[in-house]
Amino acid sequence: MNRHRILGLIALAAVLVGFYFGGQAPLDQLQGDYTRIMYVHVPSAWLAYLSFLVTFAASILWLARRKPVYDRIAESSVSVGVFFTALALMTGMIWGYPVWGTFWDWGDARMMTTALMFFVYLGYLALRRSIPDPAMRATRSAVLGIVAFFLVPLSYVSVIIVRTLHQGITVVRPDSPIDGEILLALLSNVGAFTVVYLAFMSVKTAIARGEEQLEEQSAAADATPAGAAITAPNLEKVRDV
Amino acid sequence: MSGPSFWGQAYEIGLKDLRVEGRTGEVLNITIPFGAVALLLIPLAIGTDRPLIASIGPGMFWVVTLLFGMLVTFRQSATESSANREMMVLLGVDPAAQFAGRVVASVLLLLVFEGVLAPATIILYNPDPVEGWAILILVLLLMAVGLALIGTLASGITAGLRSRNTLAPLLVAPLALPLLVGASQTYEALAQKSSILTPILLLLAVVLGLAVVGVLTARFLEEASR
């Protein structure tokens with residue numbers, strides 16, 4: 001069994017454990033079963049932030065050291081991060097409809113910043129597809145990976161900057177009012193989603209490495225060798241004279 | 001014999017951009033009228049409810065500035081070919097100075113853009129007057145600087161690409177969100193006579209952060225454009 005499958009199975013097991021804790025945790029008095037959506041929504045949002053943080057760090061490392069591995073990590077982490085961002089947005093909207101009475105709240109700064117973060121990183125992936133040259137692609141994407149990252153802390157603190165319907169910072173604060181069992185369920189799902197992130201990254205970076213090798217082979221096959229236009233002298237005719 | 005200093009190079013680059021604008025008149029003759037048309041079309045689309053139009057006026061101004069200001073910031077890179085970029089390298093022009101010069105030229109053009117469209121918004125939308133014009137002028141300046149920085153960065157990232165015309169706006173519009181939030185929140189705070197510190201700090205932080213990233217990454221973007 002290869003590394004990807006082992007990681008995939010560990011991720012599946014971790015998710016099942018996380019969902020078990022989510023199923024056992026007490027329900028919110030007002031939200032009822034809709035509370036459980038939070039065990040997917042919150043970890044997805046955190047993992048999206050983590051993915052883009054990894055891209056930010058890998059982009060700086062690419063610019064500083066120019067090792068292809070950093071570019072692969074940056075690209076792969078954006079792909080995975082875009083998936084988690086979409087998941088966070090969708091689960092947020094599914095939760096919002098019964099609880100807030102609307103799928104989308106225009107006054108919610110967290111929703112808006114997360115949606116825009118999603119589009120910027122889609123632009124990152126579009127940028128990569130637009131540039132055939134690997135070094136040029138890596139450098140330009142790295143700059144975008146650094147610039148785009150400032151939306152991440154902005155999205156996180158948006159609930160403080162703007163008066164908004166979205167719940168404020170709850171877990172990471174000294175006087176957190178969160179119930180112990182709910183916190184356990186939430187953190188076990190964050191852990192499980194982190195393993196899912198690692199499993200996705202493992203597969204995605206392997207695909208990126210394969211694509212790189214394919215590009216190199218294709219470039220080598222297309223390249224005309226130096227001196228190809230010069231034909232070998234016909235020595236037999238020379239002997240005949 | 002040494003060449004011009006960093007700021008001397010930036011000045012020449014900025015002046016070159018402004019000369020190109022002086023010859024083509026793209027911002028003055030096309031982008032500003034285009035923005036004014038957008039300001040005229042919005043009330044037609046939402047109906048003639050005067051209180052509603054007055055309340056959305058400032059927000060519409062910021063949105064039009066953001067969307068059409070992008071065109072102002074992209075205009076300089078659209079006129080630049082790869083031969084131009086090669087020439088800059090051969091002349092030994094500092095990439096950070098090029099970046100700074102372009103940003104300054106874009107800021108000046110954006111201020112002209114805002115200077116024409118702000119009175120047009122007041123006339124067309126008749127928003128409720130607010131106190132603190134000096135702060136609003138500061139916000140206009142910060143918005144112009146921030147937009148110029150993002151636009152110049154996006155121009156560098158997408159320089160020479162076939163998909164540049166569609167890709168650059170896709171990158172700039174979401175990245176300019178903090179500017180939009182900062183500007184609109186400042187206006188709202190002035191209208192409600194509450195503290196403007198947080199949105200102003202947000203605008204300053206974004207501008208400062210983008211300036212640092214822009215200068216530090218200019219060399220890398222120049223390498224990647226050859």
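Reply: We'll go from the overall fold to the interface and then to charged side chains. This is a predicted model, where local features need pLDDT of at least 70, side-chain atom pairs count only at pLDDT 80 or more, and totals for chains, interfaces and linings use all residues. Residues are numbered from 1 along each chain as its sequence is written, chains are lettered from A and ligands numbered from 1 in the order in which they are written, and side-chain values use heavy atoms, with hydrogens and water left out.

Me: How many helices and strands does chain A have?

Reply: Helices (H or I, at least four residues) and strands (E, at least two) are DSSP runs, numbered from the N terminus. Chain A has 8 helices and 0 strands.

Me: Now the interface. How many residues of chain A and chain B are in contact?

Reply: Contact means heavy atoms within 4.5 Å. By that test, 26 residues of chain A meet 30 residues of chain B. Buried area is the accessible area (1.4 Å probe) that two parts lose on being put together, summed over both. Here that is about 2400 Å², with carbon and sulfur atoms giving 79%. On the chain A side, R140(A), V143(A) and F150(A) lose the most area to chain B, together 24% of what that side buries.

Me: How many salt bridges are there between chain A and chain B?

Reply: Side chains of opposite charge can pair when their charged atoms come close. The cut-off is a side-chain nitrogen of Lys or Arg within 4 Å of a carboxyl oxygen of Asp or Glu. Between chain A and chain B the count is 1 salt bridge: R66(A) pairs with E223(B), the closest N and O atoms being 3.2 Å apart.

Me: Which parts of chain A do the salt bridges R72(A)–E212(A) and K204(A)–E75(A) tie together?

Reply: R72(A) and E212(A) have their closest N and O atoms 2.7 Å apart. R72(A) lies in helix α3 (residues 68-100) and E212(A) in helix α7 (residues 180-222), so the pair ties together parts that are 140 residues apart in sequence. For K204(A) and E75(A) the closest N and O atoms are 3.7 Å apart. K204(A) is in α7(A) and E75(A) in α3(A), so this pair ties together parts that are 129 residues apart in sequence.

Me: Is R128(A) buried or exposed?

Reply: Buried means under 20% relative accessible area, exposed over 50%, and partly exposed in between (1.4 Å probe, protein chains only). R128(A), in helix α4 of chain A, has 7%, so it counts as buried.

Me: What does the side chain of R128(A) make a polar contact with?

Reply: A polar contact is a pair of N or O atoms within 3.5 Å; within protein, one must be able to donate a hydrogen and the other to accept it, and residues adjacent in sequence count only if both atoms are side-chain atoms. For R128(A) the partner is the side chain of S141(A), at 3.4 Å. R128(A) also touches D71(A), E75(A) and R137(A).

Terms used
Lists of a residue's contacts leave out its neighbours within four places in sequence.
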